[in-house]
Amino acid sequence: MIEILSKLKDKLDSVAERSVRRQATNSGRRSFLAKAGQAMVGMAVVPMLPYDRFGEAAAAEFEQKGDSAFSADDQQCDYWRYCALSGTLCTCCGGSVTDCPPGSDISKVSWIGTCENPDDEKSYLISYNDCCGKMSCNGCRCSNHERERPGYRLGLHNGINWCMANNKNAYHCTVAAIVGTA
Amino acid sequence: MKPITLKFFSRALLPAALLLSAPTFANSNLSSIHGIADDAPVANKYALFCGGCHGLDGKGEIEADVPMMPPRIGAFLYDEEGAWYMVNVGGVMSAGISDQDAADIMNYVITSFGAESVPNSTYRFTAEQVAKLRENPPEDLVKLRRDISKRLEKRGIALPDHYPWN
């Protein structure tokens with residue numbers, strides 16, 4: 001009986017040893033680190049997708065700063081071109097109303113809405129392009145939704161990461177360019 | 001391990017959303033809902049309703065599975081089912097625009113982006129035609145496009161490049 005158990009133990013030992021040796025030959029610590037790194041990066045990327053990009057509560061707090069109906073300050077959420085902008089203002093991140101900050105690229109697709117300019121009381125077509133390829137800017141966050149529609153009306157939805165069609169998908173901030181009159 | 005990439009989402013979600021959207025507001029009043037005047041220039045309506053994805057130049061974005069329209073978008077009209085296909089594609093149906101606006105925008109598209117490709121330069125979509133073509137949408141748009149493409153290919157007529165589901 002003891003002999004049988006001893007043989008079984010030896011067998012188990014050799015199986016375990018072969019298995020460990022095979023694993024050690026075929027993979028290394030670097031392989032594990034690479035896979036763990038991919039997993040961690042994956043986990044970091046997933047939350048960026050594709051809805052509710054940047055805390056609406058924080059955006060709402062920032063919104064309170066402006067005290068006029070329409071601000072002329074393009075670093076404020078109530079600046080007229082931002083009537084349907086949800087995200088971070090590029091004007092607070094080293095860019096302008098129409099230009100992305102250095103190191104980020106303009107999104108290839110966008111959503112286009114209309115806003116009324118209080119100066120001439122005319123409506124303009126505004127293209128909300130995201131700036132892509134840099135991690136999120138912690139500047140002014142806005143949550144405006146004029147004439148926005150839910151996500152199933154994709155072309156009228158501003159909660160989406162419009163960097164999705166770019167090679168570098170990280171969202172940085174949003175610009176608001178006039179592309180015509182309404 | 002291959003991590004899930006954003007590319008997957010751009011390839012899967014954007015076209016799916018464009019294709020599956022329902023024609024909720026087919027004949028609603030544009031000025032109140034979208035903030036654009038009913039009599040606004042058709043180029044502006046194209047920009048508002050289509051330009052975000054298709055681009056103001058109509059070239060789309062192949063990386064996002066938005067097909068290119070110029071210069072051959074008008075070639076669809078060589079096929080008897082071409083107009084049916086065009087007014088029922090996801091972008092037109094999900095834009096939430098009236099039959100009249102859809103007709104006007106389709107005419108803008110074929111004259112601005114495909115003037116050299118149409119079989120007949122005087123061809124124009126009408127609101128009545130759009131309404132009728134929308135009554136029975138194709139069951140499978142991708143299959144319909146493939147069928148049209150095959151029929152036209154036999155006649156030596158090419159459709160626009162960069163169709164993602166060829």
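The pLDDT is the predictor's confidence in each residue, on a scale from 0 to 100. In this predicted model, the value stays under 50 over residues 1-26 of chain B, a stretch for which there are 45 contacts beyond four places in sequence. Chain B as a whole averages a pLDDT of 83, with 80% of its residues scoring at least 70, and the model carries an ipTM of 0.72 and a pTM of 0.71.

According to UniProt, in an unreviewed entry, residues 37-113 of chain B bear the feature "domain: Cytochrome c". This span is 52% helix and 0% strand, and its end C-alpha atoms lie 24 Å apart.

The largest nonpolar core comprises 69 residues, among which Ala102(B) and Met106(B) have the most contacts inside it. Elements giving two or more residues to this core come from both chains, including strands E3, E4 and E6 of chain A and helices H3 and H7 of chain B, while H6(B) gives the most, with seven residues. Leaving aside residues up to four places away in sequence, Met106(B) touches Met86(B), Val87(B) and Phe125(B).

In chain A, ten of the eleven residues of strand E4(A) are buried, so this strand is largely enclosed by the rest of the structure. E4(A) runs antiparallel to E2(A), to which two bridges join it, with Ile106(A) standing opposite Cys131(A). Seven bridges join E4(A) to E3(A), again in the antiparallel sense, and here Glu116(A) stands opposite Ser123(A); in the hairpin of these strands, which has four residues between them, Glu121(A) takes a positive phi near 55°. E4(A) also pairs with E6(A) over nine antiparallel bridges, where Thr174(A) is the bridge partner of Asp130(A).

Key:
Residues are numbered from 1 along each chain as its sequence is written. Chains are lettered from A and ligands numbered from 1 in the order in which they are written. This is a predicted model: local features need pLDDT of at least 70, side-chain atom pairs count only at pLDDT 80 or more; totals for chains, interfaces and linings use all residues. UniProt positions are given in the numbering used here, feature names are shortened, and annotations may be inferred rather than shown by experiment. Two residues are in contact if their C-beta atoms, placed from the backbone, lie within 7 Å. A nonpolar core is a set of buried Ala, Val, Leu, Ile, Met, Phe, Trp, Tyr and Cys residues joined through C-beta atoms within 7 Å. A residue is buried if 20 or more other C-beta atoms lie within 10 Å of its own, exposed if 12 or fewer, and partly exposed in between; C-beta atoms are placed from the backbone. Two strands pair if DSSP finds at least two bridges between them.
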